[in-house]
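I wanted to look up charged side-chain pairs today. These are my notes.

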Amino acid sequence: MMSKKKCKRLYEEAKTQTYDAIIVPGVPYDGNKWTRTMKGRVYWAKHLYEEGIAKNIIFSGSSVYTAYYEAEIMKDLGKKETIHG
């Protein structure tokens, strides 16, 4: 696990560049509610996109353990949720 100091340093370095895309790993979805992990990944990806750090977001995930496609669920959450306000 990285220290808060190292995470902050890496984030500050990332803000000086623009990346073509970020890839967000999927999280199994049970059809009932978003998990904290899924929300965290989607919100962080959306933050990086809104800040101009990433030009595109690629959500990964397929129906590995459930009947749901995580990538589609995460994309929908990212479109619906507002992070800043």
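**Salt bridges**

I started with D20 and K55, whose side chains meet in a salt bridge at 3.8 Å, N to O. The model I am reading is predicted. I then looked up where the two residues sit: D20 is in the loop between α1 and β1 (22-24), and K55 is in the loop between α2 (36-50) and β2 (57-59), so the pair ties together parts that are 35 residues apart in sequence. I checked the cut-off for exposure, which is over 50% relative accessible area. D20 has 54% relative accessibility, so D20 counts as exposed. K55 has a relative accessible area of 48% and is therefore partly exposed.

Next I asked how many salt bridges the whole structure holds. The search finds three.

I turned to E13 and R9. Their side chains meet in a salt bridge at 2.9 Å, N to O. Both residues lie in helix α1 (residues 4-14), and they are four residues apart, about one turn of the helix.

The last pair I noted is K15 and E12, whose side chains meet in a salt bridge at 3.5 Å, N to O. Are these residues buried or exposed, or in between? K15 is partly exposed, with 41% relative accessibility. E12 is partly exposed too, with 36%.

Terms used
Residues are numbered from 1 along each chain as its sequence is written. This is a predicted model: local features need pLDDT of at least 70, side-chain atom pairs count only at pLDDT 80 or more; totals for chains, interfaces and linings use all residues. Side-chain values use heavy atoms; hydrogens and water are left out. A salt bridge is a side-chain nitrogen of Lys or Arg within 4 Å of a carboxyl oxygen of Asp or Glu. Buried means under 20% relative accessible area, exposed over 50%, partly exposed in between (1.4 Å probe, protein chains only).
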